[in-house]
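Dear colleague,

Please find below the structure that I am handing over to you, followed by an account of what was found in it.

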Amino acid sequence: MSLIPFAILALLALLSALGVILSKNAVYSALWLLAHFLIIALMYFALSAQFLGIVQVIVYAGAIVVLFLFVIMLIGGTITPIKHESRPYARIAATIFGAIFLLGLLFAVAQGVTNLPAPQGAPDAGSVQAVGGPLYTTYLLPFELASVLLLIGMLGGIVLALKERKRL
Amino acid sequence: MIATIIVILIKILVLLLILLTGFAYLTYMERKLLGRFHVRLGPNRAGPFGLLQPIADAVKAIFKEEVVPGHIKDKFIYLLAPVLTMITPLIAFAVIPIAPDLTINGYTAHFYIADVNIAILYIVAVTSFAAYGVILGGWSSNNNYGLLGALRTASQMISYELPMGILIVSIVLASNINAGEGTMSLVEIIERPRPWWLWLWLFIAFIPFFITMLAENNRSPFDLPETENELIAGYQIEYGGMKFAMYMMGEYLSMIVSSAVMVTIFFGGWKGPLVVPGTWHGVLLGFGWFVLKVIAILFIYIWVRASVPRIRYDQLLAFNWKVLFPLSLVYMAITAVMVAVA
């Protein structure tokens with residue numbers, strides 16, 4: 001990807017990410033998040049990673065943000081701004097950890113600028129075969145481990161839901 | 001370069017004209033057929049056989065006053081929602097081939113806008129945006145009925161996307177047979193020859209796939225987001241005039257697109273008797289077969305609407321999670337074994 005389209009997309013991605021945290025209304029935050037996911041998908045397309053880009057749209061834009069909206073509407077569908085919690089220690093902790101994360105990120109970027117080679121387009125035009133082949137042969141074990149992790153998450157959700165029903 | 005862009009723009013224009021006319025006459029077909037199913041005549045006042053009815057409807061919708069109710073706090077999202085619902089099926093149609101290629105004097109004309117190797121995923125991705133139109137419309141209406149409709153849409157569409165996705169995976173898997181490599185391009189899926197038993201096996205998947213499509217398009221008996229007897233039209237409740245017409249267009253256009261997708265992956269798209277690819281009459285006849293098959297599936301949509309009563313919301317979700325989803329998983333497993341053996 002050449003510099004100018006990357007710069008435009010990166011700027012848009014940053015702006016939409018800012019929109020997520022600066023919106024007073026949770027529904028707007030979710031919509032900004034949707035825009036952010038779409039811009040990231042565009043970046044994948046620009047790097048000729050077709051499959052990753054389209055999966056980004058299907059999974060994040062098509063399912064996860066819909067579920068976010070679902071939850072937001074269930075717990076407070078009316079148009080009311082979020083109230084900021086009055087917990088002083090939460091803000092202090094957030095500032096400290098945010099600063100540590102920012103420093104780590106800046107360090108990584110500073111390292112990367114000098115060491116990393118220029119990004120190449122994905123092999124074989126980022127096709128499904130190019131992604132699926134290595135995933136099911138070379139990287140089979142980590143792939144299966146990740147799926148077990150997801151399974152545990154799902155089981156956790158089911159257990160929590162069942163517990164609540166028993167109390168009722 | 002410029003010539004290519006102009007050709008694509010012309011194709012888009014022609015496709016839009018076909019689809020919008022198709023939408024208008026699909027409403028006519030539905031009303032006429034529902035009339036027959038109910039043993040009455042259906043629209044018969046505007047023009048011969050009521051053929052001008054869609055035009056009368058369009059004129060009525062366009063000249064209605066655009067009212068935005070006073071309690072709508074968020075006009076931008078309120079107006080954006082019907083537009084989203086309407087344009088997503090139009091965008092999805094870009095990857096569906098409607099006739100075989102034609103080569104004249106070394107120039108090959110393609111009867112699709114784009115042939116990408118992720119075409120099926122593209123359709124899934126684009127059509128999932130129709131849910132936003134309904135959800136945002138229901139939410140921005142600032143109305144409890146609208147909100148309930150939006151919530152129902154969210155859970156219904158997400159749930160039914162799972163068996164749909166699994167069935168699509170099975171079809172992509174099955175495209176391996178006799179080819180050695182699977183494909184997600186709709187152009188290639190049509191062109192690949194299938195043995196007779198594969199046609200039969202894929203036809204079994206058509207039935208659950210059609211059911212998921214009924215739910216994805218909010219069609220009866222799964223039209224729970226807009227049930228008029230409990231939610232008084234749900235997410236559409238605060239919409240009138242052209243905005244309401246856009247929701248209607250979204251629903252009918254997604255029916256057309258879903259039918260076209262089903263024709264493409266289950267029934268061979270433009271393939272049919274007497275079609276010779278690469279000739280003028282082959283193109284015309286291929287397009288004819290394609291349209292005929294799409295109309296046949298649209299007829300099933302209307303038939304189902306006239307025959308099956310709406311089911312309860314808990315039944316809708318239970319049917320998906322306890323019947324459709326496990327069945328599609330079993331189907332995928334058997335397909336995988338078939339691909340490995342064949």
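The crossing of H1(B) and H2(B) is right-handed (left-handed if the near helix is turned anticlockwise from the far one by less than a right angle, right-handed if clockwise). Helices (H or I, at least four residues) and strands (E, at least two) are DSSP runs, numbered from the N terminus. This is a predicted model, in which local features need pLDDT of at least 70 and side-chain atom pairs count only at pLDDT 80 or more, while totals for chains, interfaces and linings use all residues. Residues are numbered from 1 along each chain as its sequence is written, and chains are lettered from A and ligands numbered from 1 in the order in which they are written.

Helix H1 (residues 2-37) of chain B packs against helix H2 (residues 53-63) of chain B at about 115 degrees, with the axes 9 Å apart; axes are lines fitted to C-alpha atoms over the stretch in contact, and angles run from 0 to 180 degrees between N-to-C directions. H1(B) is therefore roughly perpendicular to H2(B) (under 35 degrees is roughly parallel, over 145 roughly antiparallel, 65 to 115 roughly perpendicular, the rest oblique). In H1(B), B:Ala24, B:Tyr25, B:Thr27 and B:Tyr28 meet B:Gln53, B:Pro54, B:Asp57 and B:Ala58 of H2(B), where contact requires C-beta atoms, placed from the backbone, within 7 Å.

Chain B as a whole has 11 helices and two strands. Its C-alpha atoms fill a box of roughly 60 × 50 × 45 Å along the principal axes.

Between the chains, the contact takes 18 residues from chain A and 20 residues from chain B. Helix H3 (residues 50-76) of chain A supplies the largest share of chain A's side, 13 residues.

Yours sincerely

Technical notes. Two residues are in contact if their C-beta atoms, placed from the backbone, lie within 7 Å.
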